Amino acid sequence: MQELLGRYILRHGMQDYVVNLGHNRLVIDCSSPVFVYRRYLGDALQSESIIMSDSGEDVVVGIFPIPPFQTLVKAASNVYLKFKSQIVLDQKSEAVLYSKIPIEIGVYRQSKDEELLLDAFSLARQQFALYGPPETGVVCRYKEAEVSPKESEIVAIKYEEAIVRIRISNMVDNVVKVGKVIIPMEGIVLDHALDDAWVPGSVEMSLDMAFGKDVVNVQLLDTKAKRADKTSLLKKGDTLTFYMDAGY
């Protein structure tokens with residue numbers, strides 16, 4: 001099966017690119033003096049960009065899996081992942097689990113040291129949830145998904161979901177039940193191969209006690225994130241953190 005995700009090199013006069021993702025049809029017109037990107041949902045035009053360049057170099061458009069924050073509610077930067085099965089973890093122990101998160105598809109105009117987002121869309125129904133109280137809670141992209149200690153048992157739907165590795169460390173003296181995790185993912189670059197997507201690195205969820213209260217710290221370690229000033233330059237080994245103070 002031909003890979004649909006990746007980089008597309010454009011040259012004038014070449015055959016148009018047509019990429020079908022779910023009900024979305026992406027067309028890159030190479031027949032005119034400029035390149036034109038269009039996305040259709042059925043017969044309805046959803047997005048259009050005219051790409052112009054006189055540099056003499058190849059024009060590149062990338063189609064990639066991205067974190068699910070570019071469509072509808074752009075205020076979200078975290079994923080609220082609810083486990084379909086609660087995890088019961090002994091005191092002073094840890095477990096490595098696998099699950100899956102929602103993703104979107106991003107279309108980029110790429111150049112040497114930066115890239116520009118042209119379009120973003122989702123193939124699946126989008127869900128949102130509030131983590132915490134109404135006054136101070138955080139709006140998150142929501143997903144209820146299976147969880148398993150075996151990665152092979154988690155099957156992600158291509159173009160809709162990405163695999164994520166989660167390590168839960170219980171540092172308290174009690175047995176705990178864990179039913180959800182909030183994953184910080186702002187600016188994260190997802191990895192992909194053969195159109196399968198996954199979150200690089202590991203979600204580290206640490207449960208501890210301080211001054212008689214639960215302290216739950218979630219970090220995304222050894223991942224890749226985009227710099228705010230240059231969208232394609234990556235920070236290696238970056239760490240994103242979320243403090244879960246409204247239950248787990």
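Is Tyr 8 buried or exposed? Tyr 8 is buried, with a relative accessible area of 10%; buried here means under 20%, exposed over 50%, and partly exposed in between, with a 1.4 Å probe and protein chains only.

Hi everyone, a word on what we are looking at. This is a predicted model, numbered from 1 along each chain as its sequence is written, and its side-chain values use heavy atoms, with hydrogens and water left out. Local features need pLDDT of at least 70 and side-chain atom pairs count only at pLDDT 80 or more, while totals for chains, interfaces and linings use all residues.

As for pLDDT, the predictor's confidence in each residue from 0 to 100, the protein chain averages 90, and 94% of the residues score at least 70. Over residues 229–237, though, pLDDT is below 50, and this stretch has 24 contacts in the model beyond near neighbours in sequence. Contact means heavy atoms within 4.5 Å.

Now to the rings. Searching the whole structure gives five aromatic pairs. Phe, Tyr and Trp rings (the six-membered one for Trp) pair if their centres lie within 6.5 Å; planes under 30 degrees apart are stacked, over 60 edge-to-face, and the rest tilted. Tyr 8 and Tyr 17 have ring centres 5.0 Å apart and planes at 80°, so they are edge-to-face. Tyr 17 is partly exposed, at 22% relative accessibility.

Another edge-to-face pair is Tyr 80 with Tyr 142, at 5.3 Å centre to centre and 65° between the planes. Tyr 80 sits in strand 7 (residues 78–89) and Tyr 142 in strand 12 (residues 138–145), so this pair ties together parts 62 residues apart in sequence. Strands are DSSP runs of E, at least two residues, numbered from the N terminus.

What about the nonpolar core? By that I mean buried Ala, Val, Leu, Ile, Met, Phe, Trp, Tyr and Cys residues joined through side-chain atoms within 4.5 Å. The largest has 43 residues, of which Val 181 and Met 185 touch the most other members. Strand 7 supplies the largest share of this core, six residues. Beyond neighbours within four places in sequence, the contacts of Val 181 include Tyr 80, Phe 83 and Met 244.

Last, a backbone detail. Tyr 159, in the loop between strand 12 and strand 13 (161–170), has a positive phi of about 70° although it is not a glycine. Tyr 159 is buried, with a relative accessible area of 10%.

Note on methods
Helices (H or I, at least four residues) and strands (E, at least two) are DSSP runs, numbered from the N terminus.
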